[in-house]
There are 2 protein chains.
Amino acid sequence: MATIKDVAARAGVSLGTASRVLSGSSQTSPESRSRVLAAAAELGYIANGPARSLRRSRTDVLGLLVSDIRNPFFSELAHAAEQEARHHGYTVLLANANEDAEQADAYLRTFAAQRIDGLLFSPQGTVSSHLAATLTSGLPLVFLNRTIEGVDAPLYGTDNAEGVGHALAWLRQRGHRDVAFIGGPDTISTGAERRAAYLAGREKHGISTDDRLLDAGDFLASGAAEAMCRVIDRGVRFTAVFGANGLTTFGAVRALRERLGAEQASRIEVVSFDDLDWFEFASPPISAVRNDASSIGRLGVRGLVDLLAGRAAPGQRIATSFVDRARGGIR
Amino acid sequence: MATIKDVAARAGVSLGTASRVLSGSSQTSPESRSRVLAAAAELGYIANGPARSLRRSRTDVLGLLVSDIRNPFFSELAHAAEQEARHHGYTVLLANANEDAEQADAYLRTFAAQRIDGLLFSPQGTVSSHLAATLTSGLPLVFLNRTIEGVDAPLYGTDNAEGVGHALAWLRQRGHRDVAFIGGPDTISTGAERRAAYLAGREKHGISTDDRLLDAGDFLASGAAEAMCRVIDRGVRFTAVFGANGLTTFGAVRALRERLGAEQASRIEVVSFDDLDWFEFASPPISAVRNDASSIGRLGVRGLVDLLAGRAAPGQRIATSFVDRARGGIR
DNA sequence: CTGTTAGCGCATTCAT
DNA sequence: ATGAATGCGCTAACAG
């Protein structure tokens with residue numbers, strides 16, 4: 001593979017001049033400039049990233065650590081973050097913690113070894129020692145959607161209270177009083193916030209405060225299904241279910257159908273925090289709080305880029321919208 | 001950040017000894033070994049990846065270029081590849097071409113700059129000049145699920161002919177004669193193969209050979225919906241639809257419901273290449289060829305690792321299974 | 001088994 | 001504006 005030395009030789013200039021042309025830093029004569037560029041093109045020269053990083057002590061790489069790349073919310077977020085980062089001249093190194101603190105730790109180590117310039121992080125909630133070390137090492141950091149209490153870094157994430165508000169208003173409008181709420185782990189900030197907002201708002205919206213209607217899973221389908229089953233097993237009547245994230249809703253719906261049968265299950269209305277493709281096809285169709293993963297990814301990257309440039313990054317709550325798919329009018 | 005020099009100084013040994021201990025290459029006395037390890041731990045030493053890569057002229061990074069990370073097939077594949085790579089001591093740099101040849105090109109450049117050790121590639125079909133350059137540069141390469149004709153690299157991918165066979169058998173068993181086939185781009189190998197297998201097998205399975213029932217999209221929901229609409233507009237009767245990949249099926253179902261209404265649409269049975277979470281909830285439930293993304297990702301990485309180690313990698317077709325969700329018996 | 005040394009490819013400083 | 005020289009942090013070759 002051609003090095004900058006080869007390019008310089010071919011262009012008949014010194015290594016320094018070639019470097020200056022190719023990194024576009026300092027002034028160079030149009031003459032040597034064109035010769036270097038031509039030589040580089042002819043040789044198919046592509047700068048050696050590791051060497052460049054070593055010398056400049058920056059990599060132009062951002063780390064993005066998400067909890068579960070198979071969750072559509074995060075894959076959309078990752079995609080948007082990647083696009084935005086490209087736009088600013090950064091490459092994104094994507095890592096998937098698989099909702100597991102140990103793997104998160106391992107990737108944080110990898111990131112540190114790669115000497116990433118900044119970190120976009122959507123944490124699980126548990127703070128390990130490595131994580132603490134990373135967070136205090138001065139690496140520019142931005143939280144995406146989820147945060148860790150006590151850590152001073154800007155958060156770019158959904159406005160959970162507002163989103164839950166939409167769902168509550170919809171539930172009231174649809175005339176539901178007995179609503180099962182399937183939440184997420186309290187250790188994850190979004191889980192805690194959504195639950196808190198629901199608890200705080202349900203009475204005001206005429207929804208039963210019977211806590212037997214409350215349960216929580218792990219923000220994955222399996223845990224949510226189990227939580228749904230527990231609620232069913234308590235024998236309390238409910239006419240609607242509220243799933244606290246997309247996978248939770250999926251798991252809850254699956255449990256409803258398995259335990260009650262499709263017929264019975266179709267008499268229960270479902271509303272979800274996070275909108276999924278197929279909700280329009282469910283019967284009855286599932287209404288949902290739209291959680292704008294793209295904006296979160298994009299704004300998060302912008303925040304981190306600001307941090308990297310020495311500017312302030314205040315963090316931001318991204319507004320949700322609501323997709324009402326209920327058939328007919330008030331029930 | 002602590003360097004190996006700091007570690008050596010703290011341990012009271014030379015730089016060389018510290019390096020030997022930390023990279024575990026050569027023999028070292030237990031004495032100095034423990035002192036170096038202790039010093040490294042105390043300083044929180046993490047080796048500088050770029051420096052190490054520069055010196056060793058390898059990065060222990062594999063590039064994974066997928067067509068669309070928001071496609072569940074690829075996010076599962078990426079996840080599996082990542083896990084397997086970790087297991088072999090490699091980090092995966094994931095890039096998303098967004099089904100766009102230009103972006104694919106840009107990422108190939110980035111990969112080259114980062115000096116990745118090997119490439120896992122799921123191509124769009126179009127071969128640009130950069131791509132050609134990459135492919136002939138001698139970079140160890142493995143195709144995942146999709147291939148490019150004429151390029152000599154092992155393919156780890158679905159057995160498309162077998163998968164289509166499952167679907168055909170099911171269609172016949174369900175008594176369908178008039179089947180709409182919504183394919184993918186012929187430029188993508190999976191699109192071409194699945195279409196070819198369908199055309200070759202339909203007659204044998206008692207399925208109409210009326211080509212007005214055939215159309216193709218772009219393997220994305222939007223293009224598939226348009227293709228479905230075109231078939232509907234031709235006014236030929238059909239009792240079943242076969243979608244050539246997951247997103248295609250999604251788009252087709254959406255088009256059916258929009259154009260025919262939920263009532264009419266529910267009289268048409270749908271079968272899909274690729275299984276999606278929600279197919280069990282559709283009405284009628286959608287049966288599907290299960291395309292084992294995890295195995296493909298895992299085996300692909302193993303193949304690339306073999307290549308990197310100088311071993312042979314023959315490539316492999318991964319068998320599919322079929323999920324029959326049809327209600328009741330023969331129609 | 002260990003210390004010393006060279007050099008990976010590049011950006012940058014110091015002269016000119 | 002340019003050439004020569006330096007060193008980023010590390011591994012590997014060499015000498016002992």
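**Exercise 1. Find which residues of the largest nonpolar core touch the most other members.**

Step 1. Buried means under 20% relative accessible area, exposed over 50%, and partly exposed in between (1.4 Å probe, protein chains only).

Step 2. The largest core has 58 residues, and Met228(A) and Met228(B) touch the most other members. At least two residues of this core come from each of β6 (179–183), α10 (221–233) and α11 (246–265) of chain A, and likewise from each of β6 (179–183), α10 (221–233) and α11 (246–265) of chain B. Helices (H or I, at least four residues) and strands (E, at least two) are DSSP runs, numbered from the N terminus.

Step 3. Zoom in on Met228(B). Skipping neighbours within four places in sequence, its contacts (heavy atoms within 4.5 Å) include Ala180(B), Ile182(B), Phe238(B) and Leu256(B).

A word on the model: it is predicted, so local features need pLDDT of at least 70 and side-chain atom pairs count only at pLDDT 80 or more, while totals for chains, interfaces and linings use all residues. Residues are numbered from 1 along each chain as written, chains are lettered from A and ligands numbered from 1 in the order written, and side-chain values use heavy atoms, without hydrogens and water.

**Exercise 2. Work out which strands stand at the edges of the open sheet in chain B.**

Step 1. Write down the order of the six strands: β2-β1-β3-β4-β5-β11, with parallel pairing. Two strands pair if DSSP finds at least two bridges between them.

Step 2. Look at the ends. β2 (91–96) and β11 (316–318) of chain B each have a single partner strand, so one side of each has no neighbour in the sheet.

Step 3. Check one pair: β4 (residues 141–144) and β5 (residues 155–158) of chain B run parallel, joined by two bridges. Here Phe143(B) stands opposite Leu155(B).

**Exercise 3. Decide whether Ser222(B) is buried, partly exposed or exposed.**

Step 1. Apply the cut-offs. Its relative accessibility is 45%, so Ser222(B) counts as partly exposed.

Step 2. Now compare sequence with space: Ser222(B) and Leu247(B) are 25 residues apart in sequence, and their C-alpha atoms are 8.7 Å apart.

Note on methods
Core = buried A, V, L, I, M, F, W, Y, C linked by side-chain atoms within 4.5 Å.
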